[in-house]
Amino acid sequence: MKLVRYNQMDPQFPASFSGLLDRIFSDSLGAALKQFTPAVDIAEDDKIYEIHLSVPGVKKSDFQIQLQDGKLTISGERKMEEKKDGKNFHSLETQFGSFARSFFLPEDVMTEKIEATYEDGVLKLILPKREKK
């Protein structure tokens, strides 16, 4: 058994250096867990580029898609269900929180004709190409 000196200082301030490190990492880790990066697949053929963003459990209304200065930004948030119905989770690997992915578009994309659909947890963006002259 190890004896530890009682610290009469403020309980918010850790008593040891290792306690301080634990607090720094747990505070910064907590902030990092509120964000995640969804998986993205990008494909191309002669006529289009396709972007597939894997985000199951997100409502269609929770997406924001912006195009500014040739940069396409897809953002949103996956919210954790608050209702547990008496469940005790033993493992929770699903990532929750806000996300954002950005892509610089090639010059041959017809930005005015970009289409987006959301089906089966996958956001699909179709980016048509201009015809080559």
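Predicted model: local features only at pLDDT ≥ 70, side-chain atom pairs only at ≥ 80, totals over all residues.

Let me begin with a question: does Lys-129 count as buried or exposed, and at what relative accessibility? Residues are numbered from 1 along each chain as its sequence is written, and side-chain values use heavy atoms, with hydrogens and water left out.

The answer is that Lys-129 counts as buried, because its relative accessibility is 12%, where buried means under 20% relative accessible area, exposed means over 50%, and partly exposed lies in between, with a 1.4 Å probe and protein chains only. Lys-129 sits in the segment after strand 7, and here strands are DSSP runs of E with at least two residues, helices are runs of H or I with at least four, and both are numbered from the N terminus. What does the side chain of Lys-129 make a polar contact with? Its partner is the side chain of Glu-44, at 2.5 Å, and a polar atom of the Lys-129 side chain also lies 2.7 Å from the backbone oxygen of Asp-45. By polar contact I mean a pair of N or O atoms within 3.5 Å, where, within protein, one must be able to donate a hydrogen and the other to accept it, and where residues adjacent in sequence count only if both atoms are side-chain atoms. Leaving aside neighbours within four places in sequence, Lys-129 is in contact with a list of residues that includes Asp-46, Tyr-49, Asp-108 and Met-110, contact being heavy atoms within 4.5 Å.

Let me now step back to the whole chain. There are 1 helix and 7 strands, and from the N terminus on the elements run α-β-β-β-β-β-β-β. Of the 133 residues in the chain, 22% are buried, and of the contacts with a separation of 6 or more, 51% are between residues 24 or more positions apart.

Turning to the sheets, an open sheet of 4 strands has the order 1-2-7-6 with antiparallel pairing, and two strands are said to pair if DSSP finds at least two bridges between them. Strand 1 (39-44) and strand 6 are the edge strands of this sheet, each pairing on one side only, and the twist averages 15° from one strand to the next. Strand 6 (residues 115-119) and strand 7 (residues 122-128) run antiparallel and are joined by 5 bridges; in strand 7, the bridge partner of Glu-115 is Ile-126, and that of Tyr-118 is Leu-123. The hairpin of these two strands has 2 residues between the strands, and in this hairpin Asp-120 takes a positive phi near 55°.

What is the strand order in the open sheet of 3 strands? The order is 3-4-5, again with antiparallel pairing. Strand 3 (63-68) and strand 5 stand at the edges with a single partner strand each, so one side of each is left without a neighbour in the sheet. Strand 3 and strand 4 pair over 6 bridges, and one example is Gln-66, whose bridge partner in strand 4 is Thr-73. Gln-66 counts as exposed, because its relative accessibility is 51%, whereas Thr-73 counts as buried at 16%. The side chains of Thr-73 and Ser-102 are joined by a polar contact of 3.0 Å, while Gln-66 and Ser-102, 36 residues apart in sequence, are 9.3 Å apart in space, C-alpha to C-alpha.

Finally, the core. The largest nonpolar core has 17 residues, and those touching the most other members are Leu-53, Val-55, Phe-63, Phe-99, Leu-123, Leu-125 and Leu-127; such a core is a set of buried Ala, Val, Leu, Ile, Met, Phe, Trp, Tyr and Cys residues joined through side-chain atoms within 4.5 Å. Strand 2 (48-54), strand 4 (71-78), strand 5 (97-104) and strand 7 are the elements that give two or more residues to this core. Not counting residues up to four places away in sequence, Leu-125 touches several residues, among them Tyr-49, Ile-51, Leu-72, Ile-74 and Ile-114. I will stop there and take comments.

Notes:
Axes fitted to C-alpha atoms, helices over the stretch in contact; angles between N-to-C directions.
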